Amino acid sequence: MSSPDPQVRAARNHSTSSAPRGPVVAVTGAASGVGALLTERLAASDEVRQVIAIDERRGECASAQWHILDVRDPAIADKLRGADVVVHLAVDLDLGTDPAARSAYNVRGTQTVLTAAAAAGVHRVVLCTSAMVYGALPDNELPLSEDAELRATAEATGVGDLLEIERLARRAPRAHPGLNVTVVRPAVLVGGTDTALTRYFESPRLLVVAGSQPAWQFCHVEDLCGALEYAVLEKVDGELAVGCEGWLEQEEVEELSGIRRMELPSAVALGAAARLHRIGLTPSPAGDLAYTMYPWVVSGSRLHEAGWRPQWSNEEVLAELLEEVSGRHTVAGRRLGRKDATAAGAAGATVALLGTAALVRRARKARRRL
């Protein structure tokens with residue numbers, strides 16, 4: 001048999017060399033938020049062969065292969081067959097979700113994804129938690145290394161779930177030999193997000209607890225996606241922290257934002273926050289306040305050593321956050337309508353905290369009438 005024409009052979013070689021040879025990557029929570037951004041990014045990458053997108057509804061990335069199902073469904077194992085890497089982003093940290101339901105979803109979902117990935121022959125799972133798992137404490141080093149002890153407690157929104165996800169990540173390689181688990185921990189996440197920490201900047205005054213020394217470090221969602229892509233492509237592994245370079249002191253934040261502070265004694269601020277949350281007037285437990293009081297800045301050294309660099313500075317991310325929350329009004333973590341915000345006035349944060357006793361009495365009277 002004669003050999004193929006040189007032009008045909010060259011065309012075949014070009015076709016073979018131009019085809020992506022990278023991993024097949026499955027992304028859970030792919031229809032919205034960070035999951036949607038990462039799905040689009042990976043689908044456009046020459047280093048990724050294919051993206052499998054999993055969510056309870058179909059997203060907008062047309063080039064991904066979509067599977068519509070709940071991540072707690074064991075059938076997800078069939079959808080992961082052929083994938084090399086799974087990025088699990090189907091985690092609910094919504095302030096409005098019932099805490100018990102949120103924990104059940106987050107923990108069971110992560111357990112199912114890890115088990116299903118191992119059963120499907122996936123060799124790497126990338127989980128995303130938060131730098132909040134290090135805890136916000138007055139004696140924290142600035143910055144914290146990735147190997148720093150996880151000293152957070154379950155007193156802040158979703159942190160208990162994130163700590164359990166971290167425990168599952170550490171146990172998974174022992175339970176499923178051959179499965180590599182990478183954990184990515186972003187600083188205060190900004191870019192279409194709604195958390196107790198982003199709502200802090202919706203208040204008419206920045207609440208500062210007397211005697212505290214906060215340090216603010218942000219992470220733009222685009223930088224988080226870049227870090228997740230590094231993990232997907234196995235450029236780095238292990239436990240990774242991600243955020244902007246350095247941090248901002250509280251005074252710098254106030255100067256850049258143009259929002260003045262309202263300083264309160266620790267006992268008043270924490271006690272009032274706890275009571276407001278207990279009677280259902282605010283979505284944030286008192287534990288969230290610790291993350292505005294003490295530092296939890298991370299170094300991101302492992303990503304830096306691998307060649308990754310943030311594209312956003314803390315100043316730039318803060319500016320974007322302020323633009324995003326413009327026109328929103330939040331007092332003590334509770335988002336208000338325009339009429340309520342006007343009534344609260346410039347000293348709304350103080351009114352909300354110092355007026356807790358009146359709010360509690362009003363709530364008790366309302367219950368008695370029922």
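This is a predicted model: local features need pLDDT of at least 70, side-chain atom pairs count only at pLDDT 80 or more; totals for chains, interfaces and linings use all residues.
Residues are numbered from 1 along each chain as its sequence is written, and side-chain values use heavy atoms, with hydrogens and water left out. Local features need pLDDT of at least 70 and side-chain atom pairs count only at pLDDT 80 or more, whereas totals for chains, interfaces and linings use all residues.

Helix H4 (residues 99-119) and helix H5 (residues 159-175) have axes that come within 10 Å and cross at roughly 15°. Helices are DSSP runs (H or I, at least four residues) and strands likewise (E, at least two), numbered from the N terminus. Axes are lines fitted to C-alpha atoms, for helices over the stretch in contact, with angles from 0 to 180 degrees between N-to-C directions. H4 and H5 are therefore roughly parallel to each other (angles under 35 degrees). In H4, Arg102, Ser103, Asn106, Val107, Thr110, Gln111 and Leu114 meet Asp161, Glu164, Ile165, Leu168 and Ala172 of H5 (heavy atoms within 4.5 Å).

The largest pocket holds about 1,100 Å³ of space, a volume being the space filled by probe spheres set on grid points joined across faces, edges and corners. On a 1 Å grid over the protein atoms alone, a pocket is an open set of points where a 1.4 Å probe fits, with protein on both sides within 12 Å along at least five of seven lines; lining residues have an atom within 4 Å of a point. Of the 43 lining residues, Val91, Asp92, Leu93, Leu189 and Thr193 lie nearest the centre of the largest pocket. Helix H2 gives the largest share of this lining, four residues.

Key: Angles under 35 degrees count as roughly parallel, over 145 as roughly antiparallel, 65 to 115 as roughly perpendicular and the rest as oblique.
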